[in-house]
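Visitor: I would like a close look at one part of this model. Please take me through a helix and the sheet beside it, and then the charged pairs.

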Amino acid sequence: MGNTIALVAKYLADPANLNAVYKAASLTADLEAPKVQFLGANVVKLPTLSFGAAALGTYSKSAGFTAMDVTKAWTTYTLSQDKGNKLLLDAMDEEESAGEGAESGTGIISFANEYIRQIVVPAIDTYRFAAMVTGTGTTVELTSTAANVVAQLEAALQTFADNEVPVEGAILYMKPEVKTFLQTASTVSRYVSYGTGVNGEIDNRVVFFNGVRIVQVPAGRLGADVQFILVQPRSVLSVVKHNPSYFFARGTYPGMDADEIDYRLYYDFFVITNKNKGIYLQTVTE
Amino acid sequence: MDGGTNNVGNPETFVVADLDITLLDPTKDSFTFVAWHDNVGLTSTITTIDTLADIEIWAEWTE
């Protein structure tokens, strides 16, 4: 019979657990691009095509075709956000705070869940919104009220249309104050359902505006001056390259009588340079 | 509606300027309308819509 050697490190029983917590709490997870691969490198290059003339050439029966110069340039995006923490929970601290019969290791996992909700997710969301504010292709300074918010949102959608940015799949990130204005706007219709639902809860949430999904974002994450951001996800490059969480049960980690979780998140967020018109930002009037 | 027919005067949508909206009686063959309720348990009677919010309401009938 061979030796039985305990592994020094093992994944959580449900390794997707912490990632699920992140997905549930993050307001910007929908912007992530699962198809973009940074494997083997911390950079990705996206091509940009530009042409020598804006106008369609005229064909000449004598000279033939008009030449059109094409330039293909590459824009490099480099991952810069390599973050993480080590969470430790002393064995006696857990026993003396968790109550009788508490299963070993549950304390550190609940700590990790809260760590993701309170620390990780707000930091990521804040970083992504700041990147959108910096990289936006359209910025307007207006102050929303219940009387004008519908017109302001219509203007945002019209700007998308003028710039040939598709509205399908776009997301409207909105400060709670602005969403309240929208909910009380006099021209927004409410719906009456007659006994067809499964419960009787009154729902005053406006979750879509002209087919665009609204996501309410606390001002602390969205930015103090930001009222709303309309985003076409294809305009951004949001990458989580590496997001492991490792669990070390007490007795498997040398030097400490404690449970430990190591959490790392290697990510970044970019506005694609030639698609920045896919972000429309409205900030308060200075 | 539990097989009943809604009154055409009851709105499908409304805006703030429409408030308050008095709900009208629906009809159902062989049944008498009792009241509108804002819960499926039919424990909370409602006669008007006076709140700017989506709402779901149920008809109560008696044979």
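Guide: In this predicted model, helix α4 (residues 149–162) of chain A lies across β4, β5 (171–174), β7, β8 (212–216), β9 (226–231) and β13 of chain A. The helix runs at about 35° to β9(A). These six strands form an open sheet with mixed pairing, in the order β4-β13-β9-β5-β8-β7 (chain A). At its edges are β4 (138–141) and β7 (208–209) of chain A, each of which pairs on one side only. The partner of β4(A) is strand β13 (residues 279–283) of chain A, and the two pair in the parallel sense over four bridges. Within this pairing, Glu141(A) has Thr283(A) in β13(A) as its bridge partner.

Asp30(A) lies in the loop between α1 (17–25) and β1 (43–51) of chain A and Arg213(A) in strand β8 of chain A, so the pair ties together parts that are 183 residues apart in sequence. Asp30(A) is partly exposed, at 46% relative accessible area, and Arg213(A) is partly exposed as well, at 31%.

The count over all chains is five salt bridges. Another one of them joins Arg117(A) and Glu114(A), at 2.8 Å, N to O. Both residues lie in helix α3 (residues 106–135) of chain A, three residues apart, about one turn of the helix. Arg250(A) forms a salt bridge with Asp259(A), with the closest N and O atoms 2.8 Å apart. Here Arg250(A) is partly exposed, at 27% relative accessibility, whereas Asp259(A) is buried, at 0%.

Terms used:
Residues are numbered from 1 along each chain as its sequence is written. Chains are lettered from A and ligands numbered from 1 in the order in which they are written. This is a predicted model: local features need pLDDT of at least 70, side-chain atom pairs count only at pLDDT 80 or more; totals for chains, interfaces and linings use all residues. Side-chain values use heavy atoms; hydrogens and water are left out. Two strands pair if DSSP finds at least two bridges between them. Contact means heavy atoms within 4.5 Å. Axes are lines fitted to C-alpha atoms, for helices over the stretch in contact, and angles run from 0 to 180 degrees between N-to-C directions. A salt bridge is a side-chain nitrogen of Lys or Arg within 4 Å of a carboxyl oxygen of Asp or Glu. Buried means under 20% relative accessible area, exposed over 50%, partly exposed in between (1.4 Å probe, protein chains only).
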